[in-house]
Amino acid sequence: MEKRFKKRFRKVISSIKRENLDSLFVSSEANILYLTGLRIEGYLLVCSQKIILFTDFRYFLEAKKRTKKLGIDLAIYEYDIFRFIANRIKGLLLKKVGFESTHLSYQEFSELKKHLKNVELIPTFLLIEKLRMIKDSQELSLIKKGVSITEEAFSFLESTIYEGLTEKFLAVEAEKFIKLKAEDIAFPPIIAVGKNSSYPHYKTGEAKIRRKEVVLIDLGSKYYGYCSDLTRVFFLSKMPHYLKKIIDIVRKAKELSLKKIKEGVKIKEIDRTARNYIEKKGLGKFFRHSLGHGVGLEVHECPGINPKNEEVLKEGMVITIEPAIYLPDKFGIREETMVLVKNNRGEILDEYS
């Protein structure tokens, strides 16, 4: 196991050198977890001559065992955290220290800078997140297990759901089910009934389920740190023609984009495929968000599957495909599936597609 983490550090150090830096100050908890396997609060300093994990006494025993296995230094701070960190940076004679611009707060940056007057602090953008895009075999195993648990949760809800239940009740039931099977929920369940489903990121409330209204459910589990994210639509009575027509359009858009997935395809082309089909059906203005996103240690991570992303798909990426049509104050239809990018195809990770 340690070999995987040491390999990750080597890749980070190579990225640091390409950025013309001599070190990287890591503040993202997800990135620290990715590099060390530790779920702790703290900071990580990565450079070619030394790697130091900074944390406090709460995590000492856990961190001590892990850092020893990985061959990295453990530094326990008590007070004046950033003076403590700055002194270690100065002791290493570092001059160009990169920091995570999307994670380090302005207050943290200011405190660090105050003690490093002769050190250049240089913003980096998604340096480790770009490495996290490609999942190894163990990561894929954990993601697949999380997907399986999330699908079990959908089956449970399908057997539980009936007219008169509230969105909140279903959300609590979903959360309990997932927490008994997995480490945690990946995000608060979204249960949206009727016109509430026309809001893409609706906050689950007290609306009651009715037989002739759409029930949109977006769930995700977290299994040993790795997330899943799936969306399904339910309808308790015979589906009217107008609703079936919208669902068929969304499913066809998803199907067309799934067929395009393989290594080397431009990401924007995947988005464009689904979006073009929905636009051709005269409903383009009702699909306004990205087609999908990467999933891993965070439920939303690189790459973004959107019409402006010029990057290409690479084998080992795990992404969502979630076309949607939202008719204001009427209903919304979104179907979300998870896909592993392979050399010549996309492997759908959930059975429902």
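Author: Let us begin with a definition: a residue is buried when its relative accessible area is under 20%, exposed when that area is over 50%, and partly exposed in between, with a 1.4 Å probe and with protein chains only taken into account. What you see is a predicted model, in which local features need pLDDT of at least 70 and side-chain atom pairs count only at pLDDT 80 or more, while totals for chains, interfaces and linings use all residues. Residues are numbered from 1 along each chain as its sequence is written, and side-chain values use heavy atoms, with hydrogens and water left out.

Reader: Where is Leu126 found, and what is its phi?
Author: Leu126 sits in the loop that runs from strand 6 (120-124) to helix 6 (127-132), where helices (H or I, at least four residues) and strands (E, at least two) are DSSP runs numbered from the N terminus. The phi of Leu126 is positive, about 55 degrees, although Leu126 is not a glycine. Most residues other than glycine have a negative phi, and most peptide bonds are trans.

Reader: What makes Asn20 buried or exposed?
Author: Asn20 has 52% relative accessibility and therefore counts as exposed. Asn20 lies in the loop between helix 1 and strand 1 (23-26), and its phi is also positive, at about 60 degrees, although Asn20 is not a glycine.

Reader: Which peptide bond is cis?
Author: The bond from Cys302 to Pro303 is cis, with omega near 5 degrees, and Pro303 belongs to strand 14 (residues 301-305).

Reader: How do you know which residues touch Thr150?
Author: Contact means that heavy atoms lie within 4.5 Å. When neighbours within four places in sequence are left aside, Thr150 is in contact with Leu219, Gly220, Ser221, Ser228 and Leu230. Thr150 lies in helix 7 (residues 137-160), and at 0% relative accessibility Thr150 counts as buried.

Reader: Which residues of helix 3 are buried, and how do you know on which side they lie?
Author: In helix 3 (residues 60-70), the residues Ala63, Arg66, Thr67 and Leu70 are buried. They cover an arc of only 100 degrees around the axis, which puts them on the same side of helix 3; the arc is that of the directions from the helix axis to the C-beta atoms. On the other side of helix 3, Leu61, Lys65, Lys68 and Lys69 are exposed.

Reader: What covers the buried residues of helix 3?
Author: The cover includes helix 1 (2-18), helix 2 (29-36), strand 3 (51-55) and strand 4 (73-76). Helix 3 is followed by Gly71, whose phi is positive, near 75 degrees.

Reader: How do you know whether the radius of gyration of the chain agrees with that of a compact globule?
Author: The radius of gyration is taken over C-alpha atoms, and the globule rule is 2.2 Å times the number of residues to the power 0.38. For 353 residues a compact globule would have a radius near 20 Å, and the chain has 23 Å, which agrees. Buried residues make up 54% of the 353 residues in the chain, and the chain has 10 helices and 19 strands.
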